[in-house]
Amino acid sequence: MENKIAFVTGGTSGIGKEIVLRLLDKGCYVITCYNNNEKNANELRNISNDKLIVKKCDVSNEQEVKLIIDFIKETYGHLDYLINNAGTFIDSYIKEFDIEDFKKVININFIGKVICSKLSYPIMKEKGAIVNISSSLGITPCEESAAYCASAAAIINFTKASALEFSDKLIRVNSICPSFTPTPLALRGWTKEEIEEKIKNTPLKRLNTVEDTANLCLFLLSEEASFISGENISINGARLK
Ligand SMILES: NC(=O)c1ccc[n+]([C@@H]2O[C@H](COP(=O)([O-])OP(=O)(O)OC[C@H]3O[C@@H](n4cnc5c(N)ncnc54)[C@H](OP(=O)(O)O)[C@@H]3O)[C@@H](O)[C@H]2O)c1
């Protein structure tokens, strides 16, 4: 992985940040983006690794993504890895969902991955790799989160379609469905008791961690996964629902 060029969306917090740090450890050049949180972005910038670039860019805005892709092309000439990780969460019952909020979740979590994939493809090298971060809720939905669950389900199918289409450049595309992982996105609104209940209901008796998902992501990007494409892999401690 040494000196490969990676674009990780939403790399200033949670799962994305762990993926960024792990790719830097492997010697990759990493370009990442965020949407709002300047404090998190500056914390990441402060690790002062000259192979890391952190930019503000809303993945659901095609013009903003185009600027980053143009920057990657001008600076590095190409891209090896795309990690479509950025995501948001707005919960509401369908009966009460503000349709603008529903569209916002679909636009960031799903259309954002479509935009980044479409615009990255032309500058991706042959035998590059894409990992799309979906969610266990894309397989088994829960109540009060229909927009998030629907976006996660769409990502799984989009991954398979991308794997077929991008195989013309031997680019592999896979998705990951992590279960509940304690990050700022997931922790909103859960009580300590509810989290303990989740652990109790997980056969392997713990929560997912950002390291679990980053490990799987790095494997899927690596040469060791060179015949794996179009797959969706769950990472959930055997919690099947
Ligand atoms: N945590 C879980 O339980 C869990 C489980 C399954 C799947 N996932 C998925 O894993 C991914 C990462 O989640 P996380 O838990 O690590 O969340 P997180 O800690 O809240 O981090 C989300 C990251 O995405 C960025 N982001 C949000 N909206 C964006 C946008 N429109 N454009 C660009 N960047 C944007 C955030 O930047 P700002 O902070 O600046 O907005 C932040 O860097 C998401 O796709 C999520 O659906 C999470």
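Author: This is a predicted model. Start with a charge over a ring. The charged end of Lys169 sits over the ring of Tyr121, 4.6 Å from the ring centre.

Reader: Which ring has the charged end of Lys51 over it?

Author: That of Tyr29. The distance from the charged end of Lys51 to the ring centre is 4.8 Å.

Reader: Now ring pairs. How are they described?

Author: Two values describe a pair of aromatic rings: the distance of the centres and the angle of the planes. Here the count comes to six aromatic pairs. Take Tyr29 and Tyr76. Their ring centres are 5.5 Å apart and their planes stand at 50 degrees, so this pair is tilted. The pair links distant parts of the chain. Tyr29 is in strand 2, Tyr76 in helix 3 (residues 62-76), and 47 residues separate them.

Reader: Is Tyr29 buried, exposed or partly exposed?

Author: Partly exposed. Its relative accessible area is 25%, and buried means under 20%.

Reader: Are the rings of Tyr121 and Phe166 stacked or tilted?

Author: Stacked. The planes of Tyr121 and Phe166 are at 25 degrees, with centres 4.6 Å apart. Planes under 30 degrees apart count as stacked.

Reader: Where do Tyr121 and Phe166 lie?

Author: Tyr121 lies in the loop between helix 4 (99-120) and strand 5 (124-133). Phe166 lies in helix 5 (residues 146-166), so the pair ties together parts 45 residues apart in sequence. Phe166 is buried, at a relative accessible area of 8%.

Reader: What is the relative accessible area of Thr32, and what does Thr32 touch?

Author: Thr32 is buried, with a value of 0%. It belongs to strand 2 (residues 29-34). Leaving out residues up to four places away in sequence, Thr32 touches Val8, Thr9, Gly10 and Gly11, among others. Its contacts also include Leu44, Leu52, Ile53 and Val54.

Reader: On to the ligand. Which residues come nearest?

Author: Ser13, Asn37, Asn85, Tyr148 and Thr183, of the 29 residues around the ligand. Then look at polar atoms. A polar backbone atom of Asn85 is 2.6 Å from a ligand oxygen atom. For Thr181, a backbone N or O atom lies 2.7 Å from an oxygen atom of the ligand. For Val59, a backbone N or O atom is 3.0 Å from a ligand nitrogen atom.

Reader: How much of the ligand does the protein bury?

Author: 93% of the 890 Å² that the ligand exposes when taken alone.

Reader: Which helix gives the most to the shell around the ligand?

Author: Helix 6, with three residues. Helix 1 (14-25) and helix 6 (184-187) each supply at least two.

Notes. Residues are numbered from 1 along each chain as its sequence is written. This is a predicted model: local features need pLDDT of at least 70, side-chain atom pairs count only at pLDDT 80 or more; totals for chains, interfaces and linings use all residues. Side-chain values use heavy atoms; hydrogens and water are left out. Helices (H or I, at least four residues) and strands (E, at least two) are DSSP runs, numbered from the N terminus. Buried means under 20% relative accessible area, exposed over 50%, partly exposed in between (1.4 Å probe, protein chains only). Contact means heavy atoms within 4.5 Å. Rings of Phe, Tyr and Trp (its six-membered ring) pair if their centres lie within 6.5 Å; planes under 30 degrees apart count as stacked, over 60 as edge-to-face and the rest as tilted. A charge sits over a ring if NZ of Lys or CZ of Arg is within 6 Å of the ring centre and within 35 degrees of the ring normal. A residue is near a molecule or strand if one of its heavy atoms lies within 4 Å of it. A polar contact is a pair of N or O atoms within 3.5 Å; within protein, one must be able to donate a hydrogen and the other to accept it, and residues adjacent in sequence count only if both atoms are side-chain atoms. Accessible areas come from the Shrake-Rupley method with a 1.4 Å probe; for residues, only the protein chains shown count as cover.
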